[in-house]
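Subject: The model we talked about, with some notes

Hello,

Here is the structure for you to open alongside this email. Please have a look at it first, and then read on.

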Amino acid sequence: MAKISYYTEEGLNKLKAELNDMKTKGRTEIARQIAEARDKGDLSENAEYDAAKDAQGMHEMKIAKLEEIMSNARVIDESSIDTSQVAVLSKVKIKNRKNGMEVTYTLVSEEEADLKAGKISVGSPIGKGLLGKKVGETTEIKVPAGIMEFEVLDISRA
């Protein structure tokens with residue numbers, strides 16, 4: 001059974017652009033490399049040709065994976081997000097109970113996660129630990145550094 005992933009309009013458009021780029025420029029570049037290697041003579045002992053064919057296989061696998069992701073992608077209407085509890089595409093302000101530090105994250109699909117932009121995956125330990133929580137609730141989340149306790153301060157739309 002395929003896993004359905006939820007995206008913002010922007011995130012899905014990025015995926016479409018990446019797939020298009022891989023199908024056009026990527027395939028053209030690999031075909032050029034194969035042709036170049038083929039022109040160098042005997043294919044049975046041509047390491048460049050073998051490497052180019054391997055690269056082609058890997059490239060096609062990436063395209064197939066991206067197509068599978070796209071076929072199971074759903075765009076979330078951001079205006080319909082319920083802000084009474086943490087969900088996909090919620091913007092959540094949390095406070096670390098141990099050191100008092102406050103951070104704001106937007107929960108997104110794994111493919112859209114970008115920590116520098118404040119977007120964490122719903123599949124990450126913190127993302128999983130926050131799902132379903134309401135403002136004022138605290139949660140203990142097991143992270144690689146140990147167990148952290150967070151308080152949900154605010155939930156809004158992304």
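Below are some notes on the annotated domain, the sheet and the salt bridges.

First, some ground rules: this is a predicted model, in which local features need pLDDT of at least 70 and side-chain atom pairs count only at pLDDT 80 or more, while totals for chains, interfaces and linings use all residues. Residues are numbered from 1 along each chain as its sequence is written, and side-chain values use heavy atoms, with hydrogens and water left out.

**The annotated domain**

An unreviewed UniProt entry places "domain: Transcription elongation factor GreA/GreB N-terminal" at residues 6-75. UniProt positions follow the numbering used here, feature names are shortened, and annotations may be inferred rather than shown by experiment. In the model, this span is 79% helix and 7% strand, and its end C-alpha atoms lie 6 Å apart. Helices (H or I, at least four residues) and strands (E, at least two) are DSSP runs, numbered from the N terminus.

**The sheet**

Five strands form an open sheet in the order S5-S4-S3-S7-S6, with mixed pairing; two strands pair if DSSP finds at least two bridges between them. At the edges are S5 (119-121) and S6 (138-143), each pairing on one side only. S6 runs antiparallel to S7 (residues 146-157), and the two share six bridges. Within that pair, Ile141 stands opposite Met148 in S7.

**The salt bridges**

The count comes to eight salt bridges, each being a side-chain nitrogen of Lys or Arg within 4 Å of a carboxyl oxygen of Asp or Glu.

- Arg27 bridges to Glu60, with the closest N and O atoms 2.9 Å apart. Arg27 lies in helix H1 (residues 9-38) and Glu60 in helix H2 (residues 47-71), so the pair ties together parts that are 33 residues apart in sequence. Arg27 is partly exposed at 33% relative accessible area, and Glu60 is partly exposed at 30%. (Buried means under 20%, exposed over 50%, and partly exposed in between, with a 1.4 Å probe and protein chains only.)
- Arg32 and Glu36 meet at 2.6 Å, N to O. Both lie in helix H1, four residues apart, about one turn of the helix. Arg32 and Glu36 also belong to a salt-bridge network with Glu29.
- Arg97 and Glu151 meet at 3.6 Å, N to O. This pair links distant parts of the chain, 54 residues apart: Arg97 is in the loop between S3 (90-96) and S4 (102-108), and Glu151 is in S7. Arg97 is partly exposed, at 43%.

Best wishes
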